[in-house]
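Here is a walk through one model, with the chain open alongside.

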Amino acid sequence: MGHHRPTTRSKNKRSRTDDNAETSFEMFRKILSNGEVTEDDVNQLYMIWKPVCQGCRVNTKDNPNCFCGLIPPPNGSRKSGLWQKTSEIVNSLGPDPSHDVRASSNTPAGLTNLGATCYANSILQCLYMNKSFREGVFSVEPEVLGGEPVLNNLLRLFAQLHSSKMAFVDSAPFIQTLELDNGVQQDSHEFLTLLFSLLERCLSQSKVPKARTIVQDLFRGGVSHVTRCSKCGNESEASSKIEDFYELELNVKGLKNLDESLDDYLSIEELEGDNQYYCDACATRVDATRSIKLRSLPAVLNFQLKRCVFLPNTTTKKKITSVFSFPGELNMARRLSDCSELDYIYDLAAVLIHKGSAVNSGHYTAHIKDENSGEWWEFDDEHVSNLGRQPFGSTVSTPAAKAGQNEPVDCPSSTKQVDLVVEGNHVDTNLLQSSDSNGVNHVQTFSSSDAYMLMYVRRSKVDGAKRAAQSGEDKMEIDGSVISQEIDSPLPSHLLKDVDMFNSTFLDSCEQYKIKKDIELSCIMKRRHEVRSILSEAPVLSLEKPYFWISTEWLRQWADSVIPLTIDNASIQCLHGKVPVSKINYVKRLSAEAWTALTSKYDGGPTLAKGDYCIDCIFEMGRNVVRAHNYRDQRSLMKELAEAALAGEPLDGKLYYISKSWLQQWLRRKNIDLPCDADSGPTASLRCPHGELMPELAPGAKRVLVPETLWDFIHQTAMTVKPDDPVGCSAFPSDSEPCALCSVELTEAASSEDNLREFKLKQRQNHEKLAMNKNIALYPDTKYYLLPSSWLSKWRSYVNSSGKNAYSADLDTLNAVVDVLLCEKHCKLLEKPPELVWKREVIFQKSAATGGLTLVAEDDWRLLCEEWGGTESKCISARIEIDNAVEDNIIGSYREMPISEEHLSMSDEVNVSLSRRAIVKTSPQHLKAGKVRQIQCYIRISLEKCRTTGKMISSNCLFATMYCVK
């Protein structure tokens with residue numbers, strides 16, 4: 001068996017406390033007996049003798065020489081204040097603008113997302129990164145920009161993207177000019193179409209040929225919808241018309257790659273049967289073919305992939321997320337209807353990505369190729385990432401990863417394939433044997449499940465020659481970065497001026513932030529050094545050396561504040577202007593060197609030096625300690641007597657009554673050094689209003705006899721606490737007689753309570769079913785009586801209640817209740833009789849609302865009249881009749897029914913026997929006066945109810961009544 005170390009931490013702490021208290025008591029008793037305070041006494045009382053503390057985790061309160069815990073350890077920090085982490089201090093200065101500095105002039109800038117404007121950011125980046133388009137719009141005259149705010153803000157945006165020192169540009173001015181809702185995401189294809197239309201109109205104002213038609217020159221192509229007669233071979237007149245297009249919308253559903261989509265787009269449709277074509281040449285309906293022919297292709301060819309399809313069954317749109325492949329180089333020569341060139345090569349320039357499975361949400365990004373460097377970049381709003389030479393990065397995946405995440409790309413069996421995958425997007429490099437056996441032609445095929453738009457740029461003959469000659473080796477590499485030898489043309493002066501001003505302001509803000517941060521950190525470091533230096537000099541190493549007292553609270557704040565306040569020792573100063581011994585847990589003892597360093601810089605005070613201990617306070621505290629010690633000793637002796645009294649043990653000598661509950665509370669209190677307010681009023685609950693002993697049966701008058709010794713101690717303590725309260729400390733010896741008047745009152749109250757209890761019991765026995773709210777069976781030709789359900793509910797609560805608070809009930813007499821139910825002028829019943837229902841061939845009253853009427857038996861009515869002030873003849877009697885004319889009675893009943901809130905909210909019950917309808921005939925009869933009279937009577941009875949119940953009548957109830965009667 002192992003030895004277990006006993007838990008002694010709490011026990012030892014209590015022992016030390018008791019030992020310290022005993023030591024202090026002996027010291028104070030010695031001081032009081034000698035009448036003087038020695039230097040050794042001061043050293044003991046003010047804890048000066050304690051050693052300088054080192055290595056505490058927290059600051060020790062009862063050691064004025066402990067300076068631990070005021071500051072964190074050398075590598076530590078705190079959540080706030082002077083010792084906060086440096087990174088958190090810097091963060092409190094606000095965002096550092098230098099973090100937004102553009103990495104280099106070769107790194108493209110991003111665009112801010114204003115909420116849901118990623119679709120616009122992606123399109124704008126695709127347009128800006130097209131060098132021809134960028135230079136075209138830059139050539140617009142400044143005077144044209146003044147009248148075209150959209151074009152003006154677009155050029156300013158492009159200028160910022162071109163030469164801004166910031167890593168991202170604010171797109172708000174341009175988006176606001178278009179009046180777009182920042183919180184609603186739009187379709188990028190629709191945005192591009194509208195933007196092209198708007199730019200064509202704006203640019204038409206320019207006189208610079210390059211700028212005026214830049215949109216048409218770059219993005220416009222021509223198509224024809226050709227219909228050819230299969231009989232005569234003639235084409236329709238509309239076939240010769242060429243329509244403009246700015247992008248080709250291609251199907252992707254069920255298609256694997258771009259070639260299949262183009263074949264589908266240009267496929268020939270057969271017009272046969274009911275869909276025959278009317279040929280003018282043949283003058284009859286004939287079979288024909290219909291197809292789309294590409295007449296001309298633009299320099300920048302956009303393919304819009306139709307990933308959103310409409311579902312007619314649900315009238316919603318769904319996104320197609322299948323993998324779709326597209327080449328890095330695209331030869332469109334065979335796609336053109338009339339092409340004299342063998343090669344009509346386009347290079348992939350941009351891929352617009354839509355992430356997410358929903359059509360109306362998700363996120364747009366753009367992967368765009370830099371024409372100068374050949375590098376691909378991912379544009380994700382403010383964030384721009386380099387993808388290297390591939391549009392989806394160049395991370396090589398394993399075959400398992402490819403098979404698990406993506407669909408395979410069909411390649412000839414003679415090819416060798418290397419797959420590169422990033423986030424589900426492929427780049428497949430197919431090495432195809434060319435016609436020249438000495439060379440290998442590299443054709444790259446990319447695939448993506450999120451590609452939404454493809455942008456291809458036509459390769460010029462110069463580019464082709466340069467591409468063949470240089471083979472991609474014409475870039476200079478400096479420090480691992482690829483630098484293009486082809487440099488963009490400079491910005492126009494009117495745009496460059498704005499950008500330079502913006503860059504100057506931005507760089508100035510970076511510099512100002514740096515200065516501010518350096519000053520703040522320098523101040524923090526300087527303050528930390530000062531605090532560590534002064535605290536290292538703070539301990540007083542010898543009792544003979546001079547020292548000064550300082551407030552621990554101020555010292556703590558000073559050590560943790562960046563800008564400390566002046567020294568404040570007022571909280572540790574007594575009325576005599578010195579340091580009282582009671583404040584020893586709130587002060588520290590500083591060396592003269594540390595005190596001088598503090599006062600020279602922070603001033604304040606008052607100065608409390610070595611000799612500024614308060615003799616008067618020492619004597620006063622000594623008297624309090626001795627008094628408390630004596631009180632504790634005496635109370636511990638009295639406690640034994642109190643426990644014996646409560647235990648019912650026999651007691652000798654003269655005895656006195658005190659409150660039992662008071663004495664129990666007195667015993668529960670612990671660690672009492674001096675009398676407190678709880679010691680007052682030991683007999684307050686035993687003294688009756690007549691100044692005598694309260695009978696023991698009275699509430700709170702339980703008492704216990706205690707010895708005279710205990711009573712004298714309790715009485716003396718109570719008078720010390722409240723000398724002006726002799727009533728709460730009245731003496732009642734054991735031979736005191738209870739108050740005669742109070743005894744009589746208690747007896748009468750007990751008798752009254754017994755009578756009331758007997759009365760309620762008799763009520764419950766006489767009206768068993770009525771008291772339990774049981775529904776009684778009703779029979780025809782039997783006499784019943786009507787009473788308000790609200791009165792019966794109060795009566796039922798009264799007779800079933802018990803306890804001290806059930807002595808009276810707010811119940812009207814039955815005569816008064818009947819008067820309220822009758823119209824004063826016509827002596828007719830105002831309330832509608834209750835409805836009846838059949839249940840298993842027995843008639844019952846339908847569950848009544850609180851404001852309705854209830855049928856009671858004749859015996860119950862007779863007894864209630866005797867008990868509650870009713871006259872048997874002054875009543876509302878009722879009989880049950882069976883009426884087979886169901887429809888007439890239902891119609892007549894609803895026509896004559898006065899409507900109330902209760903009737904409007906009453907749930908309908910289905911009568912199980914519609915062929916026999918039970919109705920209530922009353923005497924006096926239900927009021928069937930004229931409409932106006934009926935409304936007047938109803939309002940009068942409602943107002944009477946309001947007066948008696950205190951409830952307000954609803955205006956809706958009155959309106960409903962008048963409407964129903966009308």
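## A charge over a ring

Let's begin with Arg458, which lies over the face of Tyr344, 3.6 Å from the ring centre. The rule here is that a charge sits over a ring if NZ of Lys or CZ of Arg is within 6 Å of the ring centre and within 35 degrees of the ring normal. Arg134 does something of this kind too: its charged end sits over the ring of Tyr128, 4.7 Å from the centre.

## What kind of model this is

This is a predicted model, where local features need pLDDT of at least 70 and side-chain atom pairs count only at pLDDT 80 or more, while totals for chains, interfaces and linings use all residues. Residues are numbered from 1 along each chain as its sequence is written, and side-chain values use heavy atoms, with hydrogens and water left out.

The pLDDT (the predictor's confidence in each residue, from 0 to 100) has a mean of 79 over the protein, and 81% of the residues reach 70 or more.

## The overall build

The protein has 29 helices and 37 strands. These are DSSP runs numbered from the N terminus, with helices (H or I) of at least four residues and strands (E) of at least two. Of its 966 residues, 42% count as buried; buried means under 20% relative accessible area, exposed over 50% and partly exposed in between, with a 1.4 Å probe and protein chains only. If you take the contacts with a separation of 6 or more, residues 24 or more positions apart account for 71% of them.

How many residues of helix H4 are buried? The count is 11 of the 11 in residues 118-128, so the helix is largely enclosed by the rest of the structure. Among them are Cys118, Asn121, Gln125 and Tyr128.

Tyr128, the residue with Arg134 over its ring, also belongs to an aromatic cluster with Phe133, Phe158, Phe196, Phe219 and Tyr246. Rings of Phe, Tyr and Trp (its six-membered ring) pair if their centres lie within 6.5 Å, with planes under 30 degrees apart counted as stacked, over 60 as edge-to-face and the rest as tilted. By that rule the count comes to 25 aromatic pairs.

## Two ring pairs

Take Trp666 and Phe713: the ring centres are 6.5 Å apart and the planes at 70°, so this pair is edge-to-face. Trp666 is in helix H19 (residues 660-668) and Phe713 in helix H20 (residues 708-721), so the pair ties together parts 47 residues apart in sequence. Trp666 is buried at 2% relative accessible area, and Phe713 is buried at 5%.

Tyr785 and Trp861 make a stacked pair, because their ring centres are 5.2 Å apart and their planes at 10°. Tyr785 and Trp861 are both buried.

## The strands around E32

E32 is joined to E35 by 5 bridges, and the two run antiparallel. Strands pair if DSSP finds at least two bridges between them. In E35 (residues 853-857), 4 of the 5 residues are buried, so this strand is largely enclosed by the rest of the structure. Tyr784 has Ala857 as its bridge partner in E35, and Ala878 as its partner in E36.

E32 and strand E36 (residues 877-883) also run antiparallel, joined by 2 bridges. E36 in turn pairs with strand E37 (residues 917-923) over 7 bridges, again in the antiparallel sense, with Ile880 opposite Val920.

## A four-stranded sheet

Further back in the chain, an open sheet of 4 strands has the order E4-E3-E9-E6, with antiparallel pairing. Which strands sit at the edges? Strand E4 (243-245) and strand E6 (269-271) do, each pairing on one side only. Strand E3 (residues 221-229) and strand E9 (residues 288-296) are joined by 8 bridges, and Gly222 stands opposite Ser296 in E9.

Conventions: Contact = heavy atoms within 4.5 Å.
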